[in-house]
Amino acid sequence: MNHEDKAKELYNLYYYNILTYAEELSQEIIISLLAKQCALIAVNEIIKAKKLDLGIMSLDYKYWEKVKLEIEKL
């Protein structure tokens, strides 16, 4: 899966979970911002782990950095 698709997948995963459990929010903008922040938190944790395990130059690390950039664009 390319980094753009992974970013969208993570965002949508959080978006629909927040929507399901927080229907009272019912504001698209708030739900969207929460989903984006949740996805960024998840990717940041993955990036931290990759830095420790593989080093900053690994392809896997670079992939997750690209996913993070795509999430920020959403």
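Glu 70 is buried, because its relative accessible area is 13%, where buried means under 20% relative accessible area, exposed over 50% and partly exposed in between, with a 1.4 Å probe and protein chains only. This is a predicted model, in which local features need pLDDT of at least 70 and side-chain atom pairs count only at pLDDT 80 or more, while totals for chains, interfaces and linings use all residues. Residues are numbered from 1 along each chain as its sequence is written, and side-chain values use heavy atoms, with hydrogens and water left out.

Glu 70 lies in helix α3; helices (H or I, at least four residues) are DSSP runs numbered from the N terminus.

| Residue | In contact with |
|---|---|
| Glu 70 | His 3, Glu 4, Ala 7 |
| Val 43 | Leu 10, Trp 64, Val 67, Lys 68, Ile 71 |

Val 43 also belongs to the largest nonpolar core, which has ten residues in all, including Ala 7, Leu 10, Trp 64 and Ile 71; a nonpolar core is a set of buried Ala, Val, Leu, Ile, Met, Phe, Trp, Tyr and Cys residues joined through side-chain atoms within 4.5 Å. To this core α1, α2 and α3 each supply at least two residues. Another core, of six residues, lies apart from it and includes Tyr 11, Tyr 15, Ala 22 and Ala 35.

The buried residues of α2, among them Ile 31, Lys 36 and Val 43, pack against α1 (3–21) and α3 (59–73).

Technical notes. Contact = heavy atoms within 4.5 Å. Lists of a residue's contacts leave out its neighbours within four places in sequence.
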